[in-house]
Amino acid sequence: ALLAVAGSGMQEARSFRRADLPQELPQQHTSIGPSEHRVLRALKDHTAPILHSIRSTIGTAFHLGRAALVEQTLAELESARVVMIVGPAGSGKSAVGKDAILLLSADHFAFAFRAEEFAQPHFDATLHAGRIPASGKTLGAILAGQDRKVVLVESVERLLEKTTRDAFSDLMALAAADRSLRVILTCRDYWTEQVRASFLRSASIQHAVVTIPPLADGELTDVEAALPTLRYPLNNPTLRDILRNPYFLN
């Protein structure tokens, strides 16, 4: 019916509002109401400080964009339900995850959690603790019309220290059941196999791993050009190897 309406307006390049549609169409589909807007706003407000806390600059302003790694992450998300971004402490894995989420959020609904928030007996408890006024079932219904939803979970290895983590298992079950849901996990490299064994294999969920390497010479050259004060330490071979870690470089 919508195709017929659109076809009737093609010659005039006409635009349609909801009120312009035949009466039977709006009656079949309700618009998002105030309660749904509150849920989406709460998720957005919950996500903002998590992304803000992830540092992706060297110094105060130079953004260390690792475009190839971000593109690799996005490519893996096309086929894998879960993508793990792994690397040593300070390697910039969280920054890559953040950049991927920011790119995806332009066209898809994307939000973030810290791993500790899933140390709960149920996903509903995670949402409640985050002051998100919805259950997992309600949230799934609100987002059902989205062709892609993406969740970033920061430092998933921290969940291994918790005795209760059923909420994360609930999230993995949702990802396994919903083809439109994708999950990005950041994880320190030496916990990769433990996270796989504890969370992913038990859920029989398809996943991929993106490994974050040390900064390449070209990346260090870009940093040096933006921040000339680093020229001296970067020209010292021993220091240069240490400064391939973005945390130490910053």
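1. A search through the whole of this predicted model turns up eight aromatic pairs. A pair of aromatic rings is described by two values, the distance of the centres and the angle of the planes.

2. Planes under 30 degrees apart count as stacked. Phe118 has 0% relative accessibility and therefore counts as buried. Phe123, at 5% relative accessibility, is buried too.

3. Tyr247 and Phe248 form an edge-to-face pair, with 5.6 Å from centre to centre and 70° between the planes. Are these two residues buried or exposed? Tyr247 has 60% relative accessibility, so it counts as exposed. Phe248 is exposed as well, because its relative accessibility is 52% and the cut-off for exposed is over 50%.

4. Ring pairs also join residues into a cluster, whose members are Phe109, Phe111, Phe113, Phe118, Phe123, Phe168 and Phe199.

5. The largest nonpolar core has 36 residues, and those touching the most other members are Phe118, Val153, Phe168 and Leu185. Helix H8 (residues 166–177) supplies the largest share of this core, five residues.

6. Which residues does Phe168 touch, not counting residues up to four places away in sequence? They are Phe118, Val153, Val156, Leu159, Leu185 and Phe199. Phe118 and Phe199 are also in the ring cluster with Phe168.

7. Another core lies apart from the largest one; it has 22 residues, including Val70, Ala80, Val96 and Leu104.

Technical notes
Residues numbered from 1 in each chain as written. Predicted model: local features only at pLDDT ≥ 70, side-chain atom pairs only at ≥ 80, totals over all residues. Heavy atoms only, no water. Phe/Tyr/Trp six-rings, centres within 6.5 Å; stacked < 30°, edge-to-face > 60°. Buried < 20%, exposed > 50% of the residue type's maximum accessible area, 1.4 Å probe, protein only. Core = buried A, V, L, I, M, F, W, Y, C linked by side-chain atoms within 4.5 Å. Helix = DSSP H or I, 4+ residues; strand = E, 2+ residues; numbered from the N terminus. Contact = heavy atoms within 4.5 Å.
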